[in-house]
Amino acid sequence: MRLLENKTVVITGASRGIGRGIALVLAKHGANIAFTYSRSVDSAITLTEEITNLSVKCKAYQSNAANFEDSQKLIEQVLLDFETIDVLINNAGITKDNLLMRMNEDDFDKVIEVNLKSVFNMVKATQRIFLKNRSGSIINISSIVGVKGNAGQSNYAASKAGIIGFSKSIALELGSRNIRSNVIAPGFIQTEMTDKLNQDVVNQWISGIPLKRGGTPEDVANLCLFLSSDLSTFITGQVINVDGGMLT
Ligand code: NAI
C-alpha cells in the first residue's frame, strides 16, 4: 500500500538536499508534489521529471518563501493546479554563520526571514485550505541547533528555535480542527549545506554522533513520510530529532 496515495504535498526549497530527498520519498509513496525552488531551474526540471516518472503529478514553482506575497500567490497557483493541499513541509533554509562579534545586521535579518518568517508566510497562506478540509499536516524543518544552540550560529539557532515555538503554538490553535503541526530537528545531514564545512568540523560533528555517521536526506524524508501519513494522526506539537542520537 502506498501511504500517501492521492495526497498533495507542498515542499519549500526542494530542488536539492533534504527537500529533494523528501520530495522523492513522498512521491514514491504516491504523493503528488508541488515544490518550490529559488534559483536552480535545471535542478528543478530534473527533479520534476524524476518525480513524474513515478506516476504522480509534480510541478515546480520559483518562489521566495521569505516573501509574504510570493507565498500567497504560490498557494493560490498550487490550488489551481492541484485542487487541494494535504501536507505542508517548510524545508527552505539558509546559513550565514559567524561569531556574534563579526555577525552583521543583514546576516541576522536574512537568516530569520528565510528560515522563520517563511514558515509564518507559508502557514498563513495554507491554513484556510486546511481549515476548510478540517484536515492537514504541517511539518517544519528545524535543527538540533535550535534546541541546543551552537557557537557561530546564533542567527540560525534563533531562527530554528523560533520555528519550534511557532509550531507548538499553532498545534494548540489548530488541533481542534484536526490540523497537526510537528517539527523535525535534523542533526548532521550530508547535503550541499554541510559540504561548505571543512573536514575538521565534519569529523568533530561525526565523533559526537552515537551512530558514528552523518545522516542522509532519506533519513529525514522517512520521518516526513510518517508525519504526512495517517500513521501519525494522534501526533501533534512534537519536536522529533533525526540526529543519530547526538542529543542523547
Ligand atoms: P540546502 O542548502 O542543500 O537546501 C536548502 C534549500 O532551500 C535549497 O534548495 C535552496 O534553494 C532553498 N531556499 C533557500 N532560500 C530559499 C527561499 N528564500 N525560498 C525558497 N527556497 C529557498 O540545505 P539542506 O541541508 O538540504 O537543508 C534543508 C533544511 O534542513 C534547511 O531548513 C536546513 O536549515 C535544515 N537542516 C539541515 C541540516 C543539515 O545538516 N544539512 C541539519 C539541520 C537542519
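The model is a predicted one, in which local features need pLDDT of at least 70 and side-chain atom pairs count only at pLDDT 80 or more, while totals for chains, interfaces and linings use all residues. Residues are numbered from 1 along each chain as its sequence is written, and side-chain values use heavy atoms, with hydrogens and water left out. The secondary structure of the chain comes to nine helices and seven strands, where helices (H or I, at least four residues) and strands (E, at least two) are DSSP runs numbered from the N terminus.

**Overall build**

- The radius of gyration of the chain is 17 Å, which agrees with the value near 18 Å that a compact globule of 248 residues would have; this radius is taken over C-alpha atoms, and the globule rule is 2.2 Å times the number of residues to the power 0.38.
- The C-alpha trace spans about 50 × 35 × 35 Å along its principal axes.
- Of the 248 residues in the chain, 50% are buried, a word that stands for under 20% relative accessible area, with exposed meaning over 50% and partly exposed the range in between (1.4 Å probe, protein chains only).
- Among the contacts in the chain with a separation of 6 or more, 76% join residues 24 or more positions apart, contact meaning heavy atoms within 4.5 Å.
- The accessible surface of the chain comes to about 11,800 Å², and carbon and sulfur atoms account for 51% of that surface; the areas come from the Shrake-Rupley method with a 1.4 Å probe, and for residues only the protein chains shown count as cover.
- There are 25 positive and 24 negative side chains, and the centres of the two sets lie 4 Å apart; Lys and Arg count as positive and Asp and Glu as negative, without His and the chain ends, and each charge is placed at NZ of Lys, CZ of Arg, CG of Asp or CD of Glu.

**Nonpolar cores**

- In soluble globular proteins, nonpolar side chains tend to be buried together.
- The largest nonpolar core of this chain has 33 residues, and those with the most contacts inside it are Leu26, Ile33 and Ile89; such a core is a set of buried Ala, Val, Leu, Ile, Met, Phe, Trp, Tyr and Cys residues joined through side-chain atoms within 4.5 Å.
- Two or more residues of this core come from each of strand 1 (8-11), helix 1 (17-28), strand 2 (32-37), helix 2 (41-52), strand 4 (87-90), strand 5 (136-141) and helix 9 (217-228), and helix 1 gives the largest share, seven residues.
- Another core, of 22 residues, lies apart from the largest one and includes Leu74, Phe82, Ile138 and Ile163.
- Beyond its neighbours within four places in sequence, Ile89 is in contact with residues that include Val9, Ile22, Leu26, Ile139 and Cys224.

**The loop between helix 2 and strand 3**

- Ser55 is found in this loop and is exposed, with a relative accessible area of 65%, and its phi is near 65°, a positive value in a residue other than glycine.
- Val56 is found in the loop as well, but Val56 is buried, with a relative accessible area of 7%.
- Leaving aside neighbours within four places in sequence, Val56 is in contact with Arg2, Ala27, Gly30, Ala31, Asn32 and Ile51.

**Other residues to look at**

- Asn6 lies in the segment before strand 1, counts as exposed at 64% relative accessibility, and has a positive phi near 65° although it is a residue other than glycine.
- Asp81 is found in helix 3 (residues 68-82) and counts as buried at 18% relative accessibility; not counting residues up to four places away in sequence, Asp81 touches Lys57, Lys59 and Tyr61.
- Gln153 has its place in the loop between helix 5 (144-148) and helix 6, is buried with a relative accessible area of 9%, and touches Thr95, Asp97, Asn98 and Val145, not counting residues up to four places away in sequence.
- Asn155 is found in helix 6 (residues 154-174) and is buried, with a relative accessible area of 0%; leaving aside neighbours within four places in sequence, its contacts are Lys96, Met103, Asp107, Phe108, Val111 and Ile112.
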